[in-house]
Amino acid sequence: MRTRQPTTTALDEQRIPVRAKLAAAWTSLVLLYAYVDILAFFKPGVIKDIEAGVVFEFDISQTLFTVFLTLMAIPILMVVLSMTLPARANRTTNLIVASVQVPFAAFNAVGESWTYFYGLGVALELIVLALILRYAWTWPRTAPSATTATIATSPDRETVRAQQQA
C-alpha cells in the first residue's frame, strides 16, 4: 500500500535589495517610536502633566517641540535617503545615523517607572538599529565586470586613432 506524500514546492526566495531593507527598517523604527509615545499617553498622569505644560519634566515650549521634531525627522528622512542616496553615501549615512540613534533610543528608558513597557520598546528599537547597522555594514560589493576592466585597461579611442594615423 502506498502512502500519499503531500507535494510541496519551494517558495521563490528573491533577494531583497539593501536599500529596501534599510528603508523598511527605518520605517519600523519610526513606527516603534510613534507607538511607544502614543501608548505612553495612557499612563496615569501623563495627560494631566501635558495640560500643566510639562513633558518628561521639561516645560512645554516651541523650542522643546522643535527639538522633538528634529530628533524624529532624522529617522523619518532616513526612509527616503535609504532609497535615494548613491550606494557609498547611503552606506556611510546609515552607519553614522544608526550609531547616533542607539544612545537616543536607550535614553528613552532612563528614569521611567514602567520598566517592562519602556524596556520592551527600547529593546525592539535597538534590535532594529542593529539590523540597520548590519545591513549597511555588510552592503554587498560588486567586482568590476569584464567590460569595465577591459575598458579601463585599453587605450582610449583618441590614442588608438592617433596611433593608426601615424
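Contact here means heavy atoms within 4.5 Å. Keep that in mind, as much of this briefing is about who touches whom. What you're looking at is a predicted model, where local features need pLDDT of at least 70, side-chain atom pairs count only at pLDDT 80 or more, and totals for chains, interfaces and linings use all residues. Residues are numbered from 1 along each chain as its sequence is written, and side-chain values use heavy atoms, with hydrogens and water left out.

**The overall layout**

- The chain has seven helices and two strands; helices (H or I, at least four residues) and strands (E, at least two) are DSSP runs, numbered from the N terminus.
- Reading from the N terminus, the order of elements is α-α-β-β-α-α-α-α-α.
- Of the chain's 166 residues, 22% count as buried (buried is under 20% relative accessible area, exposed is over 50%, and partly exposed is in between, using a 1.4 Å probe and protein chains only).
- Take the contacts between residues at least 6 apart in sequence: 75% of them join residues at least 24 apart.

**How to read the helix pairs**

- Two packed helices are described by the angle between their axes and the distance between the axes.
- Axes are lines fitted to C-alpha atoms, for helices over the stretch in contact, and angles run from 0 to 180 degrees between N-to-C directions.
- Angles under 35 degrees count as roughly parallel, over 145 as roughly antiparallel, 65 to 115 as roughly perpendicular and the rest as oblique.
- A crossing is left-handed if the near helix is turned anticlockwise from the far one by less than a right angle, and right-handed if clockwise.
- For residue classes, Ala, Val, Leu, Ile, Met, Phe, Trp, Tyr, Cys and Pro count as nonpolar, Asp, Glu, Lys and Arg as charged, and the others, Gly among them, as polar.

**H1 with H5**

- Helix H1 (residues 18-40) and helix H5 (residues 115-137) have axes that come within 9 Å and cross at roughly 165 degrees.
- H1 and H5 are therefore roughly antiparallel, and their crossing is left-handed.
- On the H1 side, the contact includes Val18, Leu22, Trp26, Leu29 and Tyr33, while the H5 side includes Phe117, Tyr118, Leu124, Val128 and Leu129.
- By class, the residues of this contact split into 18 nonpolar, one polar and two charged.
- Leu124 is found in H5 and is partly exposed, with a relative accessible area of 35%.
- Leu124 and Leu32 are 92 residues apart in sequence, yet their C-alpha atoms are 7.8 Å apart in space.

**H3 with H4**

- Helix H3 (residues 62-84) packs with helix H4 (residues 87-107) at an angle of about 155 degrees, and their axes are 11 Å apart.
- That angle is why H3 and H4 are roughly antiparallel to each other; H3 passes H4 in a left-handed crossing.
- H3 brings Leu71, Ile74, Pro75, Met78, Leu81, Ser82 and Met83 to the contact, and H4 brings Asn90, Thr93, Asn94, Val97, Gln101 and Phe104.
- Sorted by class, the contact of H3 with H4 has eight nonpolar, five polar and no charged residues.
- Ala73 sits in H3 and counts as partly exposed, at 24% relative accessibility.
- Ala73 and Val30 are 43 residues apart along the chain, with their C-alpha atoms separated by 9.3 Å.

**H1 with H4**

- The axes of H1 and H4 come within 12 Å and cross at roughly 25 degrees, which makes H1 roughly parallel to H4.
- H1 passes H4 in a left-handed crossing.
- Arg19, Leu22, Trp26 and Tyr33 in H1 meet a set of H4 residues, including Asn90, Asn94, Val97 and Gln101.
- This contact of H1 with H4 has eight nonpolar, three polar and one charged residues.

**A closer look at Gln101**

- Gln101 lies in H4 and counts as buried, at 2% relative accessibility.
- Setting aside neighbours within four places in sequence, Gln101 is in contact with Trp26, Tyr33, Leu71, Ile74, Pro75 and Leu129.
- The side chain of Gln101 makes a polar contact with the side chain of Tyr33 (3.1 Å); a polar contact is a pair of N or O atoms within 3.5 Å, and within protein one must be able to donate a hydrogen and the other to accept it, while residues adjacent in sequence count only if both atoms are side-chain atoms.

**The loop between the strands**

- Phe56 is in the loop between strand E1 (54-55) and strand E2 (58-59), and has a positive phi of about 50 degrees although it is not a glycine.
- Glu57 is found in the loop between E1 and E2 too, with a positive phi of about 70 degrees despite not being a glycine.
- Glu57 counts as exposed, at 78% relative accessibility.
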